[in-house]
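Please keep the structure open while going through them.

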Amino acid sequence: MKFCKLNPLPSFLLLFFLSVTVIWACSEEKKIEAISFDTELLKSLVSEAENLVKNSDEGMQPGLYMPGSVEELQKGLTEAQTILNNPESEENVSNAVKSLKEAIDLFKTKKLRAAIPYIKQRAGTYIKISDGIKYTIRGSFTIETDCYFMDLNPLGYSNTVFSCAQMEPNSGFGVRYFEDGHIEIVVGNGDWKDAKSVPGVVKVGQWQKFSLTSTGTIHKLYVDGVEAVSLEQEHLAAKDAALVIGNGYVFNDRVVNAMVKDVRVWNTVRTESEVIENKDVMLNGNESGLIAYFPLNVDLGKEFYDLTNSFKAELVGSIELVYDGGKPEIVLDYSKLDKAISSAENMKNNIVEGSGDGDYPNGTKDFIQKLIDGGKAAKSDAKWQKDVDKETKNIEDALEIVEGTNVAPTLAPAGTYSAIFGGGNFYSGDAAILDMKHSGFTTAILWTIHIEDDGSMIFNDKGVIDQNGDYIGDPEWGARLATLLEAPTTVDRIELGIGAWGSKSWENIKKLIDQEGIGSDTKLYKAIKKLKEVTGATAINYDDELTYDVESTVAFSLMLDDLGLKVSLCPYTKSSYWKSVYEQVESERPGTIDRVYLQCYAGGASNNPINWNQHFGEIKVSKGLWCKHGSACNEGDSPAEIENDIRAEKTNISGGFIWLYDDIRKCSDLGNTQDYASAINKGLE
């Protein structure tokens with residue numbers, strides 16, 4: 001056998017191979033160490049996850065975990081356990097560590113923290129329940145919720161605890177309360193019917209449970225288990241509105257300033273004893289007749305299902321969660337108010353008062369200073385953002401009005417008049433008074449007085465006369481209205497409107513006259529006398545669109561004549577009724593009825609002044625038109641259109657009027673108050 005002699009490797013190659021071997025060995029050792037390290041970390045995380053899965057309870061109460069969260073963690077745990085039992089690589093184990101840690105961290109965020117929704121008083125804010133709930137509340141039902149009111153002041157007409165209501169047709173139901181603490185049930189069935197409690201039922205600063213039961217016809221409202229009010233009226237279901245808590249769905253500025261919890265919806269009429277016995281009991285969600293149950297006592301985000309997992313709630317608008325049994329922290333934003341005050345100060349420093357062309361009326365600087373003082377007072381006294389926002393808007397609107405007062409108004413021709421109806425703006429602010437004084441309108445009609453069955457009276461939504469005939473309204477209202485007639489001004493007449501579409505005022509007038517007559521000791525006489533003293537009104541404007549009872553209307557007119565008041569009629573239909581009222585009053589007290597305002601808009605759009613003039617002796621009607629209005633200000637007539645319309649009718653009418661001042665303010669970019677007055681006055685020339 002032949003042996004071959006092997007030559008030894010060069011030393012540098014031997015050193016290279018030895019180095020590679022060592023490096024490879026070290027690398028493998030580090031890999032093993034890394035896998036071992038990650039495996040130990042993974043073991044620790046698996047142990048933590050196992051304990052969480054084993055010892056964590058799910059539910060909808062504080063301290064429990066959100067339903068489904070344990071199952072989700074178990075999935076991550078199972079995947080990690082599989083890799084732990086068979087680690088394939090460093091990357092494999094490292095990814096498992098990362099995934100399981102993320103799953104554990106996410107799981108811990110699912111632990112429910114005590115939290116209650118605070119519905120801030122902003123338009124369009126409410127808790128909306130998914131549409132399917134409406135099928136439950138069409139027949140017999142009970143709705144309950146707990147509320148903690150921060151205050152009772154309304155943003156809109158009222159504050160709504162809950163509702164499912166719409167217009168056209170007027171249908172659905174609602175529970176609402178007012179500033180004096182009285183609460184009402186409202187039911188729609190083509191028309192709105194309501195029933196109200198005594199004042200003081202709704203409280204501030206304490207939890208109260210509100211329970212509305214309904215058979216579809218008989219509705220009862222319990223407050224803390226005690227029946228507060230009931231209403232018998234068939235209920236027409238609202239098909240196009242949602243069930244919302246803390247506001248109205250259509251009238252969405254009727255929002256509460258409150259925390260809300262424990263919303264329950266049943267498909268049965270709960271008895272009084274059931275309401276009382278269960279008002280403080282936490283439910284399980286499987287009670288007989290319980291359709292939906294939202295405890296609203298934990299943070300579930302903006303959208304979530306109820307405890308029965310059947311219906312969804314959505315927190316809409318300005319809703320803040322108040323945690324761990326606390327109360328809302330009220331932080332006010334004064335930035336817009338500061339800007340408005342600064343604008344007022346700049347305007348005051350740059351205007352010239354006087355009687356010359358382009359001058360502002362004497363007293364304008366004093367008026368602006370009052371705005372500045374009011375803004376500064378709000379900064380120190382306001383408790384709620386709505387108060388700050390209200391004062392800001394008051395200053396901004398007033399400055400906009402002031403800017404136009406250095407232009408001379410167009411006056412109505414001799415023997416004619418121009419009038420305008422005004423609602424809340426004619427009650428609560430000085431700016432509207434200043435606006436009217438320099439507008440060119442000769443008549444301001446305060447719209448509207450609602451007369452209750454006990455003789456008390458409300459101006460729009462503000463109580464002004466109580467059942468004893470005493471004035472209970474804003475103590476400054478009379479003083480503001482008095483300045484409306486002080487020179488320089490174009491206004492020479494103030495009227496008080498009574499009634500409105502759907503109003504029960506004229507029905508209640510009939511009842512009160514049937515009960516007491518029209519003497520000076522009656523509730524009606526005393527109340528009207530007091531309103532005359534406060535407002536300076538010299539005429540009462542009749543807007544009856546419901547009752548149409550000739551006998552009581554004539555009697556009421558004679559009572560007004562005894563009080564030294566004129567009567568103006570405001571018809572849109574039922575010409576035979578208005579003709580009979582005029583003829584009978586005229587036959588007994590000639591000249592008592594001195595004006596007729598014919599509605600030529602909305603339901604009276606087809607009215608023709610010539611046709612109506614034949615019913616009122618020597619009186620020519622005035623023609624009424626609706627200014628620009630609507631959500632986008634795209635409805636109604638512009639000043640130019642109104643001027644043309646009035647000019648075409650000027651030989652058949654004694655004047656013209658505008659419905660509604662409040663709409664002019666909302667749509668002022670399309671015409672201000674002076675523009676509309678000028679349209680009528682020029683049209684009458």
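1. For the helix pair taken up next, an axis is a line fitted to C-alpha atoms over the stretch in contact, and the angle runs from 0 to 180 degrees between N-to-C directions. The model is a predicted one, and the remarks below should be read with that in mind.

2. Helix α9 (residues 430–437) packs against helix α10 (residues 477–484) at an angle of about 15 degrees, and their axes lie 9 Å apart. Because angles under 35 degrees count as roughly parallel, α9 is described as roughly parallel to α10. The crossing of α9 past α10 is right-handed. On the α9 side the contact is made by Asp 430, Ile 433, Met 436 and Lys 437, and on the α10 side by Arg 480, Leu 481, Thr 483 and Leu 484; by class, this contact has 4 nonpolar, 1 polar and 3 charged residues.

3. Strand β8 (residues 207–214) has 7 of its 8 residues buried, so it is largely enclosed by the rest of the structure. Strand β3 (residues 141–149) runs antiparallel to β8 and is joined to it by 8 bridges, with Asp 146 having Lys 209 of β8 as its bridge partner.

4. β8 also pairs in the antiparallel sense with strand β9 (residues 218–223), over 5 bridges, and here Ser 211 has Tyr 222 of β9 as its bridge partner. The hairpin of β8 and β9 has 3 residues between the strands, and Gly 216 takes a positive phi near 100 degrees in it.

5. Leaving aside residues up to four places away in sequence, His 615 touches Ser 575, Lys 579 and Tyr 582.

Methods:
Residues are numbered from 1 along each chain as its sequence is written. This is a predicted model: local features need pLDDT of at least 70, side-chain atom pairs count only at pLDDT 80 or more; totals for chains, interfaces and linings use all residues. Side-chain values use heavy atoms; hydrogens and water are left out. Buried means under 20% relative accessible area, exposed over 50%, partly exposed in between (1.4 Å probe, protein chains only). Helices (H or I, at least four residues) and strands (E, at least two) are DSSP runs, numbered from the N terminus. Two strands pair if DSSP finds at least two bridges between them. Contact means heavy atoms within 4.5 Å. Angles under 35 degrees count as roughly parallel, over 145 as roughly antiparallel, 65 to 115 as roughly perpendicular and the rest as oblique. A crossing is left-handed if the near helix is turned anticlockwise from the far one by less than a right angle, and right-handed if clockwise. Ala, Val, Leu, Ile, Met, Phe, Trp, Tyr, Cys and Pro count as nonpolar, Asp, Glu, Lys and Arg as charged, and the others, Gly among them, as polar.
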